[in-house]
Amino acid sequence: MINQLIWTAILVSIQNLGHAQSKEITIRFIGNCGLQLSDGISNIYTDFPYVSGFNQYMEYKDSELIDIKDSSIFIFTHKHPDHYSKKRMKQVLKEKGGSKYGSWDIAQLESLNKIIPNFRIQAFKTQHFLSRKHYSYLIEWHGKRIFLSGDTKHTETIVSINNIDWVFMPAWMVREAFMDNKLKIDSKMFAVYHIGLKDDIRISGERFLMLKKQGELISLPYD
Ligand SMILES: [Zn+2]
């Protein structure tokens, strides 16, 4: 009888575990500011596909393009080639369907909540050298708040947002935010992306993840 009770308890906890595990957002690092976000149902790619290896930034394998899920959403911060490839994007949309969003149709982008359940995205116009239209984004998905800086080094926007779970910021913003100015950014975790050969960034601590390894996976379990 006791054994049976124990077994029942174990089985129940295994089932709960399985259930809990399926409720997560995963964020996979592809390269530069290229990320794949998924809740297991919808797939969102940010700043990908870009021009592989452009300006000595990260290359990616062709398999990344082949592995893109059907009917995905593609969101771009701006159109510099290390973030966006017109040719590759056209090819992917033709082969796999889906739709792309960016600075050219912010209103459409901000109404993505009509397509993706429990999702909201807010766009912030931010500055970036040699780009007149650059946006950073705050994504709220299943209650998790993810901020994508893109290429900007300017911190006015990010310091004005509260209660973020993960901030993605480029290497040059780290210098601006933590080394030169010691700003307080209200985020649990920080991922540093778009680390180039010339970016000698050294920042450590449990709250920082340096995205140097392509394919790195971040998990955000939600209730
Ligand atoms: Zn860039």
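This is a chat about the fold of one predicted chain.

Colleague: Before we start, what kind of model is this, and how are residues numbered?

Modeller: This is a predicted model, in which local features need pLDDT of at least 70 and side-chain atom pairs count only at pLDDT 80 or more, while totals for chains, interfaces and linings use all residues. Residues are numbered from 1 along each chain as its sequence is written.

Colleague: OK, how many helices and strands does the chain have?

Modeller: There are 6 helices and 12 strands, where helices (H or I, at least four residues) and strands (E, at least two) are DSSP runs numbered from the N terminus. The radius of gyration is 19 Å, close to the 17 Å that the globule rule gives for 223 residues, so the chain is as compact as a globular protein of that length. That radius is taken over C-alpha atoms, and the rule is 2.2 Å times the number of residues to the power 0.38.

Colleague: What order do the strands take in the open sheet?

Modeller: The open sheet has 6 strands in the order S6-S7-S8-S9-S10-S11, with mixed pairing; two strands pair if DSSP finds at least two bridges between them. At the edges are S6 (119–125) and S11 (208–210), each of which pairs on one side only.

Colleague: And in which sense do S8 and S9 pair, parallel or antiparallel?

Modeller: S8 (residues 144–148) and S9 (residues 164–170) are parallel, with 3 bridges, and Phe-147 stands opposite Val-167 in S9.

Colleague: Which residues does Val-167 touch, then?

Modeller: Leaving out residues up to four places away in sequence, Val-167 touches Phe-147, Ile-158, Ile-185, Ser-187 and Phe-190, with contact meaning that C-beta atoms, placed from the backbone, lie within 7 Å. Val-167 is also among the residues with the most contacts inside the largest nonpolar core, which has 44 residues. Such a core is a set of buried Ala, Val, Leu, Ile, Met, Phe, Trp, Tyr and Cys residues joined through C-beta atoms within 7 Å, and a residue is buried if 20 or more other C-beta atoms lie within 10 Å of its own.

Colleague: Switching topic, what do S2 and S3 form?

Modeller: They form a hairpin with 4 residues between them, and Gly-40 in the turn has a positive phi of about 90°. S2 (residues 34–38) and S3 (residues 43–46) run antiparallel and are joined by 4 bridges, with Ser-38 opposite Asn-43.

Colleague: Which strand pairs with S3 in the parallel sense?

Modeller: That is S4 (residues 73–75), over 3 bridges, where Ile-75 stands opposite Thr-46.

Terms used:
A residue is buried if 20 or more other C-beta atoms lie within 10 Å of its own, exposed if 12 or fewer, and partly exposed in between; C-beta atoms are placed from the backbone. Two residues are in contact if their C-beta atoms, placed from the backbone, lie within 7 Å.
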